[in-house]
Amino acid sequence: MTDLIKTFTERGDLAHLALLLWALAASAAFLFTLRELAAASRRFDEFVRQLSRFNRRAKVQRSLTHFINEE
């Protein structure tokens with residue numbers, strides 16, 4: 001990496017080096033954000049699945065309670 005920096009500084013291309021470093025940092029930040037967004041989406045999907053399961057069980061219990069109370 002130091003050879004690469006030395007080459008850039010000798011040629012006077014510091015702006016290109018800065019642009020390269022900025023692009024790498026921006027890409028890394030984007031990938032990190034994308035990974036976190038995917039994880040949040042999975043967590044939300046699991047939450048909705050659990051809520052649906054809870055509602056199905058509650059509906060069955062209400063039906064059974066209503067059936068037992070009618071007798």
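**Exercise 1. Asp45 and its charged partners**

Asp45 is partly exposed, with a relative accessible area of 38%. Work out which side chain Asp45 meets in a salt bridge, and which residues the shared partners join into one network.

*Solution.* A reminder before starting: this is a predicted model.

Step 1. Begin with the pairing itself. Asp45 and Arg49 meet through their side chains in a salt bridge, at 2.3 Å from N to O. A salt bridge needs a side-chain nitrogen of Lys or Arg within 4 Å of a carboxyl oxygen of Asp or Glu, so this contact qualifies.

Step 2. Glu46 and Arg49 are three residues apart in helix 2, so about one helical turn lies between them.

Step 3. Join the pieces. Through salt bridges with shared partners, Asp45, Glu46 and Arg49 form one network. The structure holds two salt bridges.

Step 4. Check the surroundings. Buried means under 20% and exposed over 50%, so Arg49 at 42% relative accessibility is partly exposed. Glu46, at 34%, counts as partly exposed too.

**Exercise 2. The aromatic pair**

Find how the ring planes of Phe44 and Phe47 are arranged: stacked, edge-to-face or tilted?

*Solution.* Step 1. Two quantities are needed: a pair of aromatic rings is described by the distance of the centres and the angle of the planes.

Step 1. Searching the whole structure gives one aromatic pair. The ring centres of Phe44 and Phe47 are 6.4 Å apart and the planes stand at 35°, so the pair is tilted. The cut-offs explain the label: stacked requires under 30 degrees and edge-to-face over 60.

Step 2. Both residues sit in helix 2 (residues 14-70), three residues apart, or about one turn of the helix. Phe44 has a relative accessible area of 56%, so this residue is exposed.

**Exercise 3. A nonpolar patch**

*Solution.* Step 1. List the members: Met1, Leu4, Ile5, Leu20, Leu21 and Leu24 make a patch of about 550 Å².

Step 1. Helix 1 (2-11) and helix 2 each supply at least two residues.

Step 2. Take one member as an example. Leu21 is in helix 2, and its relative accessibility of 44% makes it partly exposed.

**Exercise 4. The annotated region and the whole chain**

Step 1. The chain has two helices and zero strands. Of its 71 residues, 7% count as buried. The accessible surface comes to about 6700 Å², and 65% of that belongs to carbon and sulfur atoms.

Key:
Residues numbered from 1 in each chain as written. Predicted model: local features only at pLDDT ≥ 70, side-chain atom pairs only at ≥ 80, totals over all residues. Heavy atoms only, no water. Phe/Tyr/Trp six-rings, centres within 6.5 Å; stacked < 30°, edge-to-face > 60°. Helix = DSSP H or I, 4+ residues; strand = E, 2+ residues; numbered from the N terminus. Buried < 20%, exposed > 50% of the residue type's maximum accessible area, 1.4 Å probe, protein only. Patch = residues over 30% accessible without salt bridge, like charges linked within 9 Å, V, L, I, M, F, W, Y side chains within 5 Å. Areas by Shrake-Rupley, 256 points an atom, 1.4 Å probe, with all protein chains shown as cover.
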